[in-house]
Amino acid sequence: MAKLTDLVAYCDRRTRRAAFKDAPGAFNGLQVANRGRVAKIGAAVDAGVIPFQRAVAADVDFLIVHHGMYWDMPRPLTGPAYDRVATLLAGDCALYSNHLPLDSHPQIGNNALLARQLGLRATRGFLPNEGGDIGRIAPSRLSRAALRGRLEKLYARVIAIEYGSTAPRQIAFCSGSGNSALPALAAAGVDTLVTGELREEHFNRAQEEKLNLYLCGHYATEVHAVKALAAELAKKFDLPWTFIATDNPL
């Protein structure tokens with residue numbers, strides 16, 4: 001067993017949570033407490049009734065998520081909003097959310113890990129935030145075809161939009177939504193982006209600006225950091241951990 005306050009403090013320090021400016025509804029940090037003790041850690045991408053039910057069924061009492069549950073608050077605690085809170089309280093399961101800090105982190109962040117799974121090392125950032133650059137950029141010797149091939153082995157669905165260089169020297173990574181990343185590519189000197197999802201009109205932009213865009217799924221590109229933080233936390237406090245998967249295809 002470990003103290004809830006100790007786990008929260010470690011996560012806050014490790015991710016530099018307080019340094020980042022995030023969306024107003026993100027509410028990074030401890031979102032729901034438990035009785036103060038933790039015996040098992042869980043990791044999930046999204047807050048939701050089903051992930052919470054699965055976490056409680058797996059005896060998780062400290063659940064780390066990337067997307068917390070307060071984006072559209074305040075709202076009445078009725079219907080699904082009530083079900084979420086009631087599930088956590090009934091299972092004595094604390095909820096810890098961490099959004100942009102877990103995208104940005106140079107070791108355990110989604111974007112650094114996206115690069116690492118391709119055998120690349122991110123050496124610089126882009127998309128500046130008060131706490132640090134959110135996106136990451138890695139030098140590469142991969143051909144465009146080799147990059148696409150590696151991604152297709154890693155992800156169930158890859159949408160490739162290829163109008164950029166056939167041998168990109170640098171690859172940018174922005175997990176989840178890449179909508180804010182597109183305008184920053186030219187200034188960063190990059191024409192190739194690996195991300196989760198984009199808006200429909202960005203197809204024309206890729207043609208006009210000669211970009212390579214690889215869309216691997218919002219959910220799928222954001223499983224990495226919560227797993228890494230949970231594994232690190234479990235090792236630090238000598239606790240078991242598990243990943244709470246969902247069937248999210250988006």
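**Helix α9 and its surroundings**

Helix α9 has 14 residues and reaches 20 Å from its first C-alpha to its last, close to the 20 Å expected at 1.5 Å a residue; the expected span is 1.5 Å times one less than the number of residues. Helices (H or I, at least four residues) and strands (E, at least two) are DSSP runs, numbered from the N terminus. The model is predicted: local features need pLDDT of at least 70 and side-chain atom pairs count only at pLDDT 80 or more, whereas totals for chains, interfaces and linings use all residues. Residues are numbered from 1 along each chain as its sequence is written, and side-chain values use heavy atoms, with hydrogens and water left out.

The buried residues of α9 are H224, A225, V226, A228, L229, A230, L233 and A234. Here buried means under 20% relative accessible area, exposed over 50%, and partly exposed in between, with a 1.4 Å probe and protein chains only. These buried residues pack against α1, β4, β5, α4 (100–104), α5 (110–117) and β13, where contact means heavy atoms within 4.5 Å.

The helix also takes part in an aromatic pair, one of four found in a search of the whole structure. Rings of Phe, Tyr and Trp (its six-membered ring) pair if their centres lie within 6.5 Å; planes under 30 degrees apart count as stacked, over 60 as edge-to-face and the rest as tilted. The centres of the Y10 and F237 rings are 6.2 Å apart and their planes stand at 90 degrees, so this pair is edge-to-face. Because Y10 lies in helix α1 (residues 4–15) and F237 in helix α9 (residues 224–237), the pair ties together parts that are 227 residues apart in sequence. Y10 is buried, with a relative accessible area of 15%. Just after α9, D238 takes a positive phi of about 55 degrees.

Strand β13, against which the helix packs, belongs to an open sheet of five strands in the order β2-β6-β5-β4-β13, with mixed pairing. Two strands pair if DSSP finds at least two bridges between them. β2 (29–32) and β13 (241–243) stand at the edges, each with a single partner strand, so one side of each is left without a neighbour in the sheet. Three bridges join β13 to the parallel strand β4 (residues 41–46), and G42 has T242 as its bridge partner in β13.
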